[in-house]
Amino acid sequence: MAAEGLRTSAADLTQMTSGLEAGAEYLDALEDAFLTAERRAGCSEQFYSVANNPLRLRLAGDALAPLIKPPLEHLVSSSRATPALTICAWDPETTGVHPPACPWNAGDDGDQAKISVSNWEGVEFALFKGSGELNVLDRRRKLGFHCVSRAAAIFSGPLLIQLHWWLGELGLHCIHAGAVGFKDGGALLVGKGGSGKSTSALCCLDSNLGYVADDHCLLSAGPAPYVHSLYSSGKLTASQLDQLSFLDALAESPKGIAADKTVIFLARRARQKLLPGFPVRMVLVPRIVGGLTTTAVTISPVEALKALAPSTLFQLIGASQRDFHAMAELVKSVPCYRLELGTDLRAIAGAIERLLVRSFQ
Amino acid sequence: MEIDERLRYAINSPPVVHESFVDEAVIVNLNSGAYYSLDKCGLAIWNLIAAGASIGEMVDRISGRYTAAREDILAAVVELISSLRREDLIQPAAEGNNLGIAPDANSNGGEKIPFEPPRLNKFTDVEDLLVLDPIHDVDAAGWPQKGSERPPRT
């Protein structure tokens with residue numbers, strides 16, 4: 001540790017150097033673990049373009065492929081351009097390879113503990129002690145590592161932590177929002193779970209509007225905010241399936257995922273509805289009010305920020321002032337409305353479409 | 001109780017992030033899962049804290065904008081600082097940490113307006129989304145020691 005004041009003692013320097021070496025050793029061991037998993041279980045790789053940034057995914061074994069690949073299918077790229085990041089992913093059960101021991105003392109805080117490190121020498125680290133899920137990003141080597149059991153894998157928004165760490169530095173912010181509209185401009189739907197955000201986005205699959213996201217997308221802030229597609233999948237609740245019957249044709253229960261989970265993979269079932277992104281014309285904060293029709297009421301940027309920012313920031317590891325500022329810039333630069341959702345769900349898309357058309361006039 | 005008006009505070013960033021709008025500040029504590037808002041007078045005090053103003057400097061600046069006795073404004077500033085500290089949003093700053101107070105952009109057109117004590121509004125409706133509270137975030141000492149070299153957790 002640094003001595004009192006600004007002076008650093010020789011002993012401190014030795015300890016910090018030792019820390020650097022320990023970090024390098026750990027990263028080497030992590031890479032070795034992945035290479036061992038690849039040798040044992042076989043490997044596959046896929047290239048993607050994430051908001052025009054080339055990403056390579058290397059998988060050891062085939063257990064994680066059905067969980068990670070389908071939501072990213074719409075971003076698959078035929079280009080083998082030098083990737084800006086390579087993410088190496090494996091699961092310990094089928095490969096028989098566990099990551100090296102956590103270099104940080106996890107203590108005895110129980111299964112819910114998390115150990116995280118933010119941007120130490122360009123490295124991000126997060127370990128969930130209970131599930132064993134490990135995420136590491138090494139910016140200097142342009143490498144990411146993701147080790148997770150099949151049971152703990154997130155099938156609708158995979159690699160979110162890695163993508164947030166990587167793309168945040170490029171001015172692309174992972175935000176908790178749906179996005180629907182036209183290629184020339186669309187609306188962000190923001191709010192915590194249960195607010196009607198996902199339902200509103202899913203309603204638009206049966207309308208003239210294109211679909212960018214129902215839960216997470218990438219925001220490029222600034223004077224001309226733009227949203228990019230991240231995932232083309234979504235979780236469906238029983239209630240949504242009951243109320244939006246057209247979703248039946250799109251829904252599937254993917255192999256290897258718990259039987260009670262229903263998802264949609266739009267790249268497979270409704271690719272024509274997908275948009276890669278659009279300029280953001282407005283922010284909508286859905287609220288279920290119970291009337292018949294859906295109406296829009298102008299709200300302040302602060303009200304929109306309260307709906308968007310906390311639910312985004314609390315879901316990300318390593319969220320920062322930079323992410324918060326990007327969201328504040330967004331709500332200051334476009335009109336914000338509360339979308340008071342009526343009981344006629346099929347009318348929601350029409351209400352959004354009318355707002356967008358009016359914004360172009 | 002006598003108040004030391006030379007005391008200064010600093011925003012506890014990270015984990016606190018904040019944004020100021022025309023008449024409201026929004027503050028998020030990334031560690032606790034709570035977020036907050038401050039109204040116009042609270043916003044002014046928050047910006048003064050961020051600028052490195054002492055309690056005395058804050059009171060003087062607020063007194064120039066609002067119609068109230070100085071001691072009433074002092075009491076309100078101290079009360080707000082107490083609330084902000086209770087929520088771990090600010091911490092005492094070293095003496096002489098004055099970063100320079102920006103020109104007074106909210107001078108109400110030169111006319112004083114009635115003073116209302118600032119209120120810190122707290123929201124906890126999405127704290128369940130917090131991705132597990134960290135048990136250990138590495139500090140400036142950086143990458144940790146190996147096994148037996150690790151210090152005991154406190």
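Two strands count as paired if DSSP finds at least two bridges between them; strands (E, at least two residues) and helices (H or I, at least four residues) are DSSP runs, numbered from the N terminus. The model is predicted, so local features need pLDDT of at least 70 and side-chain atom pairs count only at pLDDT 80 or more, whereas totals for chains, interfaces and linings use all residues. Residues are numbered from 1 along each chain as its sequence is written, and chains are lettered from A and ligands numbered from 1 in the order in which they are written.

**View 1. Strands 14 and 15 of chain A run antiparallel and are joined by two bridges.** Strand 15 covers residues 262-265, and its Val263(A) stands opposite Glu252(A).

**View 2. Three strands of chain A form an open sheet in the order 13-15-14.** The pairing is antiparallel. Strand 13 (233-236) and strand 14 (251-252) each have a single partner strand, so one side of each lacks a neighbour in the sheet.

**View 3. Domain 1 (10-168) and domain 2 (174-234 + 273-360) of chain A.** The bounds come from an automatic or database domain assignment. Their contact (C-beta atoms, placed from the backbone, within 7 Å) takes 19 residues from domain 1 and 17 residues from domain 2. On the domain 1 side, helix 2 (65-72), strand 4 (114-120), strand 5 (123-128) and helix 4 (160-168) each supply at least two residues.

**View 4. Helix 4 of chain A gives the most to the domain 1 side that touches domain 2, with seven residues.** Nine of the nine residues of helix 4 are buried (20 or more other C-beta atoms within 10 Å of the residue's own, C-beta atoms being placed from the backbone). Among them are Trp165(A) and Trp166(A).

Key
Two residues are in contact if their C-beta atoms, placed from the backbone, lie within 7 Å. A residue is buried if 20 or more other C-beta atoms lie within 10 Å of its own, exposed if 12 or fewer, and partly exposed in between; C-beta atoms are placed from the backbone.
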